[in-house]
Amino acid sequence: MKYYIVIPAHNEEAFMALTLQSLIEQTVLPTKAVIVNDNSTDKTTEIVLAFAEKHPWISLVNKTSDAIHLPGSKVIQAFQKGLETLDNNYDIIVKADADLIFPSNYFETIIRHFQSDKKIGMVGGFCYIEKNGEWILENLTDKDHIRGALKAYRKETFQQIGGLKPEMGWDTVDELLCKFYQWKVVTDETLKVKHLKPTGANYNKTARYKQGEAFYSLGYGFFITSIASLKLAMRKGKPLLFLDYIKGFWKAKSTRKPLLVTKEQARFIRNYRWKKMKEKLF
C-alpha cells in the first residue's frame with residue numbers, strides 16, 4: 001500500500017531534521033512526503049530543502065498565515081495546503097507533526113494493520129514525551145484514541161468523512177465520523193513515537209476557551225461536555241481549566257456556533273459517548 005504524508009511545520013528547526021531522518025529510515029518509505037512551511041522565520045525551510053535534494057519524494061510547500069498558534073485551524077489549513085499538491089494515487093494519507101521521531105517499523109506496521117481488515121479506517125501509535133530522562137506516555141487521551149500528531153487514514157475513509165475540519169476538535173470528530181460510517185479505529189501500543197514538544201506548548205491565552213467550543217461543535221451537549229472537560233483538566237493536572245472549557249462551551253452555544261457534524265451525526269456521537277461512559281462505570 002502506498003502512503004503519502006503531509007507535515008505542517010512552523011518554526012520547527014529544532015526538530016525538523018530528526019523527524020525527516022526518522023522518515024528516511026522507515027522500512028517502508030513514503031511514496032511522497034510534503035512538508036508545509038507555515039510562515040516560519042527560522043531555518044525550517046533550509047532543513048527541508050537539504051533533505052529534499054537527497055530524497056526526491058520529499059517536497060516543500062510554503063504557506064503564509066497568521067503567526068498566532070490556535071489549536072486546530074492553523075495546522076489543518078496548512079495540512080490542506082499540502083494535500084492540494086498531491087494526486088489521488090495513494091492508499092493511505094497521513095497527517096503528522098514536525099516534532100516526532102518514528103520508530104523505523106512504524107509505517108510498515110501501520111500498513112500491515114490496514115491490510116489485515118478492509119474495514120479498518122484509521123490506525124495510529126502512541127506519543128511519548130521525555131521526563132526526567134525517561135520517555136513516558138503522553139497520557140492526554142484514552143488508549144483507543146489516535147493522537148492528532150500522527151493520524152493515518154485509509155483513502156476511502158478519509159474521503160467519506162470529508163477530510164479534516166479546520167477547527168479544534170478535528171482530531172476527535174474524524175474518529176467519531178469513522179464510527180458513524182462503521183469504520184474501525186485501531187491503536188497499536190507497540191508503536192512508540194517520541195513527541196519532542198509537549199502538546200499545547202505554543203498555545204497562547206486566547207486558545208484556552210477553544211476546547212469547550214470544540215466540545216459544543218461536536219454536538220456533545222452540556223452534561224457530556226462537563227464530564228469530558230473535568231476529565232481532560234485533571235489529566236493535564238490543571239483543574240481550573242475545567243472552568244475555561246465550560247465558559248468556552250457556553251460562549252459557543254450563546255453565539256450558535258455551527259456544529260462540525262450534522263444533527264444525525266450529533267445524535268450518534270452523544271449516544272456513543274454515553275455508551276462509552278457507562279462501560280467505564282459499570
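**View A. Alanine 9 and its partner across the strands.** Alanine 9 stands opposite asparagine 37 in strand β2. Strands β1 and β2 run parallel and are joined by 6 bridges, where two strands count as paired if DSSP finds at least two bridges between them. From β1 the chain passes through helix α1 (residues 16-24) to β2 in a right-handed β-α-β crossover; right-handed means that, with the strands pointing away from the viewer, the path from the first strand over the helix to the second runs clockwise. Helices (H or I, at least four residues) and strands (E, at least two) are DSSP runs, numbered from the N terminus.

The model is predicted: local features need pLDDT of at least 70 and side-chain atom pairs pLDDT 80 or more, while totals for chains, interfaces and linings use all residues. Residues are numbered from 1 along each chain as its sequence is written, and side-chain values use heavy atoms, without hydrogens and water.

**View B. Strand β2 and its pairing with β3.** In β2 (residues 32-38), 6 of the 7 residues are buried, that is, under 20% relative accessible area (1.4 Å probe, protein chains only). Strand β3 (residues 58-63) pairs with β2 in the parallel sense over 6 bridges. Valine 36 has valine 61 in β3 as its bridge partner. Helix α2 (residues 44-54) carries the chain from β2 to β3, and this β-α-β crossover is right-handed.

**View C. The surroundings of phenylalanine 107.** Beyond its neighbours within four places in sequence, phenylalanine 107 is in contact (heavy atoms within 4.5 Å) with Tyr3, Ile5, Leu23, Gln26, Val28, Val94 and Phe102.

Notes: Buried < 20%, exposed > 50% of the residue type's maximum accessible area, 1.4 Å probe, protein only.
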